[in-house]
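I opened this entry to look up a ligand site and a pocket. My notes follow the structure.

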Amino acid sequence: MSTYRPTQRPRDQRIGQATRDEHADVLVEPADLVMPLFVRDGQGIDKPVSSMPGVSQMSTDVAVNTIREQVSRGLRRFILFGIVDSAKKDATGSAALDVSNPVHTTLRQVRDAGIDCEMMADLCVCEYTDHGHCGVLHDDPEVTVDNDATLELLAQQAVLLADNGADIVAPSGMMDGQVGAIRQALGSRDTKILSYAIKYASSLYGPFREAGEGAPKFGDRRSYQMDYRRSDEWATELALDLEEGADMVMVKPAAAYLDIIRQVRDAAPPPPEGIPVAAYHVSGEYSMIHAAAERGWCDLQSAALEITTAIRRAGADSIVTYFAPRLVDWID
Ligand code: PBG
Ligand code: ZN
C-alpha cells in the first residue's frame with residue numbers, strides 16, 4: 001500500500017453537487033443568449049427545418065408571437081434572417097431593400113407591439129441574390145464578389161433596417177470596409193453594429209443553407225470568408241472593424257474556434273465600456289450534437305450545456321445559438 005499522501009486535495013471542491021455549484025464560476029444565462037429566427041412571407045407558417053431539429057422558418061405573425069413568448073421566458077435578444085421566394089431574387093439582392101420583405105416587416109411589428117427585447121438583423125445580400133453570394137458578382141470568378149460595389153448595397157440595407165426598428169445590424173459578408181461604410185451611412189442614428197468580424201469559411205454552415213435558402217449557386221465563399229489554416233489573421237480583422245466603428249464583434253463558428261474567441265476577448269477593450277465579444281454557435285455545430293444524441297451517442301442537454309459553457313469560458317460575452325430556447329429550460 002502506498003504511503004504517499006497528497007499535500008493538497010482539489011477533490012474536496014468536487015464532492016457533492018452543492019460544493020460543485022459553489023465553485024462553478026462560468027455560467028450560461030438567458031441574458032447572454034441570442035436566438036436566431038428565419039422569417040419568410042406568408043401567414044401562419046411554421047415550417048420545420050429538417051436538418052435542424054427544433055428550428056423552423058416562420059412567417060412574420062408566427063415570428064412575432066414566438067418572440068413575445070420567448071421574452072416572457074427570459075430571452076431578450078433575437079437575430080433575424082430573411083427568406084424570400086426565388087422569384088424575388090436577383091443579381092443585386094434588391095429584395096433586401098423592399099420594405100415589405102419579412103425582416104423589415106417583423107422588425108416593425110415587434111416595435112409596434114412594444115415587446116421589450118433587443119432586435120438584431122443579419123445584414124448581407126446572400127439571402128436575396130439569385131446567385132447566393134454575399135455581394136454583387138465580380139467579372140473575375142476568383143474574386144467572386146465585387147467588394148466596393150457591395151458596400152453601397154450594405155449601406156442602404158443598414159439604413160432601412162435601422163429605420164424599420166433594428167437595434168443592432170450585423171454585417172456578415174466579410175467585405176473589407178463594411179463596418180465603415182455602414183457606420184457612415186447610419187450617420188447620427190444610434191443603431192449599433194455587431195460585426196461578424198472574424199468569420200471563417202466553414203463546412204459547419206451546411207444546415208443553415210437549408211434553413212436560410214441562401215446557398216451559393218456556384219463556387220464557395222473562400223474569397224471573402226477567412227481561412228481556418230491561418231492563426232493570426234483575426235487580429236487584422238478585429239483591428240480594422242474596431243477602427244471602422246464596430247460596437248460589438250463576433251467570432252464564427254464558435255465551438256471549434258475557442259482559441260480565437262479567447263484571443264479576441266483578451267485583445268479587445270473589456271466591457272462594460274469596451275467591446276462585447278459574441279460567438280456564433282453555428283448550424284453545423286448544433287446539428288452535429290442533435291445527430292449524435294438521436295443515435296444515443298451523447299445526451300442532448302448535457303452536451304449542449306457543456307459546449308455552450310465552454311464558449312462562455314473561452315471569453316464570449318454572448319452566444320448566438322439555436323439552443324437558446326431550450327437552454328432557458330435546462331439552465332434552471
Ligand atoms: C450568410 C450567413 C451564413 C450564416 C450566417 N449568415 C452562411 C454562410 O456564410 O455561408 C451561417 C449561420 C449558421 O450556419 O448557423 N452571410
Ligand atoms: Zn452572406
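I worked on a predicted model, in which local features need pLDDT of at least 70, side-chain atom pairs count only at pLDDT 80 or more, and totals for chains, interfaces and linings use all residues. Residues are numbered from 1 along each chain as its sequence is written, chains are lettered from A and ligands numbered from 1 in the order written, and side-chain values use heavy atoms, without hydrogens and water.

**Ligand 1.** I found 17 residues around ligand 1, with Arg209, Arg221, Lys252, Ser283 and Tyr322 the closest (a residue counts if one of its heavy atoms lies within 4 Å). An N or O atom in the side chain of Arg209 is 2.4 Å from a ligand 1 oxygen. For Lys199 the distance from a side-chain N or O atom to an oxygen of ligand 1 is 2.9 Å. Lys252 has a polar side-chain atom 3.4 Å from a nitrogen of ligand 1. I took a polar contact as a pair of N or O atoms within 3.5 Å. The protein covers 100% of the 400 Å² of accessible area that ligand 1 has on its own (Shrake-Rupley method, 1.4 Å probe).

**Largest pocket.** I read its volume as about 410 Å³ (the space filled by probe spheres set on the grid points). A pocket is an open set of points on a 1 Å grid over the protein atoms alone, with protein on both sides within 12 Å along at least five of seven lines; lining residues have an atom within 4 Å of a point. The largest pocket has 15 lining residues, and Ala24, Val26, Leu27, Val28 and Thr309 lie nearest its centre.

Conventions: Polar contact = N/O pair within 3.5 Å; in protein donor to acceptor, adjacent residues only side chain to side chain. 1 Å grid on protein atoms, 1.4 Å probe; cavity = no way out; pocket = protein on both sides within 12 Å on 5 of 7 lines; lining within 4 Å.
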